[in-house]
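I opened this structure to look up a few things and wrote them down in order. My notes follow the display.

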Amino acid sequence: MKCASHQSSRKASSDPREDLAVRLDHYIGIDVGTGSARACIIDAKGDIVGLASENIGLWQPEHGYYEQSTSDIWHCICVAVQRAISQHNINPDTVRGIGFDATCSLSVFSHDTDEPISVTGPNFDSDRNVILWLDHRPVEEAAKINATNHNLLRYVGGKMSIEMEIPKVLWLKNHMPKELFDKCKFYDLGDALTHIATGNEKRSFCSVVCKQGYVPVGVDGSVKGWQEDFLEDIGLGDLTEDNFKRMGGVDGVNGDYLSAGELVGTLCDKAAAKLGLPVGIAIGSGVIDAYAGWIGTVGSKVDLGAGQSSADVPKLDRSEAFSRLAAVAGTSTCHLAMSPDPVFVDGVWGPYRDTILPGYWMAEGGQSATGELLKHVIETHPAFNQATSIAESYHVNIYEYLNEHLKEMAHGQGAPCVSYLGRHFFFYGDLWGNRSPIADPNMTGSIFGLTSDKSVDGLAIYYYATMEFIALQTK
């Protein structure tokens, strides 16, 4: 009521200066991780003015299988956006643009109806149409792909990872009824979200180059981006039909491929109604979530200390970006670097051209499970429930509690540092296989120094050893 009366008094004012409204511009960044969808609203200065998060569904029908639903994910995005808008009193009419990032997960739709197609066998009758990046079902398919020794494998570190999307497409080809597979069109999750938002079929270089075996035109003789002989060799020759239409088409012919942030289109009627936003807002080409982390890290603001001015900090340009590496951590960890020229390293994904900036190259190393590994270690330990109860009594999360508990243990034992506590306990944690540099999805883990200790102290040591593994493998 106060706002309404204030607006009416402004309209009634005889002072023309009162009629001058300050133009407000807001932009929404939507981040879809493995466990949640997050909406972040920023103003024209780049400052965060609104945040909201909504947990998304994750199904594990079998060991090593991880599935999601774009319908569920889109619903969670809409809830998060509406909450961020309402809780922070943002006028939806001030939103000028929306950008998406998401996990590099395979999303499947019907090219006839544009409806989701299930990825859950044997009946393929659920609404779960996303095979998550973490899904390790296509073991045989990945082995078949890598046995080809095709030249494009040079651009994924020498081997196509089981976490990438072409092995998952091939798994669907091998397990779906033929008439159902023939109806499928395929997106990376980020591209699926811009498709839902705009209705456009445009794809991002970040998605297709990093995860789908696309080699940009002009790189190593690539003519159409998609490698026809490669798809024929691995048994996906049907995807070459109609100039690769079911994968996004040929750039400039029946398809359109964009680098990060380039205009995909504008928010369509149906998506706008669900989001609670006006039709016509600009939608930028999305990126894989780790690459959004690279952009936010390498291109971030510098927090100036006392006595410093902006003149003391060199302006970040592209050449300076070449000297920086970002470790983007969540369920997994990705180590990302940009270069002006291609750099080939066995076991390091890439080099990928055009994914962030046209003409520049990205390289990506990583660990398949870091946040997921810590969660697994903690939740499977006998002292988990006890530690959780103690953490809740202190109103902190389990990680904060264990960090403090380790410090108390070190103090109580007169240890020179926390690492001294773990000197007899060594953990190797490739429980989800190795991403870099060994590139072996069948790698496992091991423990040296295991005892019968079921206490919270024992959990803290195991937790510390897991962090030590993650840190040393990163190094």
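This is a predicted model: local features need pLDDT of at least 70, side-chain atom pairs count only at pLDDT 80 or more; totals for chains, interfaces and linings use all residues.

**Entry: Thr 94.** I looked up where Thr 94 sits and found it in the loop between helix 2 (70-87) and strand 5 (95-102). Residues are numbered from 1 along each chain as its sequence is written, and side-chain values use heavy atoms, with hydrogens and water left out.

Is Thr 94 buried or exposed? Thr 94 is buried, at a relative accessible area of 8%. I took buried as under 20% relative accessible area, exposed as over 50% and partly exposed as in between, with a 1.4 Å probe and protein chains only. Leaving aside neighbours within four places in sequence, I found Thr 94 in contact with Leu 24, Asp 25 and His 26. Contact here means heavy atoms within 4.5 Å. From C-alpha to C-alpha, Thr 94 and His 26 are 5.7 Å apart in space, while in sequence they are 68 residues apart.

**Entry: Thr 355.** I then went to Thr 355, in the loop between strand 16 and strand 17 (361-367). Its relative accessible area is 0%, so Thr 355 is buried. With neighbours up to four places away set aside, the contacts of Thr 355 include Phe 205, Cys 206, Ser 259, Val 287, Tyr 291 and Met 362.

**Entry: the whole chain.** I counted 16 helices and 19 strands in the chain. The radius of gyration is 24 Å, close to the 23 Å that the globule rule gives for 475 residues, so the chain is as compact as a globular protein of that length. That radius is taken over C-alpha atoms, and the rule is 2.2 Å times the number of residues to the power 0.38. Along its principal axes the C-alpha trace spans about 80 × 60 × 50 Å. Of the 475 residues, 49% count as buried. I also looked at contacts between residues at least 6 apart in sequence, and 64% of these join residues at least 24 apart.

**Entry: nonpolar cores.** Which residues touch the most other members of the largest nonpolar core? In this core of 92 residues they are Met 160, Leu 172, Phe 186, Leu 236, Tyr 291 and Trp 294. A nonpolar core is a set of buried Ala, Val, Leu, Ile, Met, Phe, Trp, Tyr and Cys residues joined through side-chain atoms within 4.5 Å. Helix 16 gives the most to this core, namely ten residues. Not counting residues up to four places away in sequence, Leu 172 touches Leu 106, Val 108, Val 119, Phe 124, Ile 131, Phe 181 and Phe 186.

**Entry: aromatic rings.** I counted 16 aromatic pairs. Rings of Phe, Tyr and Trp (its six-membered ring) pair if their centres lie within 6.5 Å; planes under 30 degrees apart count as stacked, over 60 as edge-to-face and the rest as tilted. One of the pairs is Tyr 155 with Phe 344, edge-to-face at 5.3 Å centre to centre and 70° between the planes. Tyr 155 is in the loop between helix 3 (139-147) and helix 4 (165-175), and Phe 344 is in the loop between strand 15 (333-339) and strand 16 (349-353), 189 residues apart. Tyr 155 counts as buried at 10% relative accessibility, whereas Phe 344 is partly exposed at 37%.

I also noted an aromatic cluster made of Phe 425, Phe 427, Tyr 428, Tyr 462 and Phe 469.

**Entry: cysteines.** How many disulfides does a search of the whole structure find? I got zero, a disulfide being a pair of cysteine sulfur atoms within 2.5 Å. The sulfur of Cys 184 is 20 Å from the closest cysteine sulfur, in Cys 104, which is too far for a bond. Cys 184 is buried, at 0% relative accessibility. For Cys 268 the closest cysteine sulfur is in Cys 78, 11 Å away and too far for a bond. Cys 268 counts as partly exposed, at 22%.

Terms used:
Helices (H or I, at least four residues) and strands (E, at least two) are DSSP runs, numbered from the N terminus.
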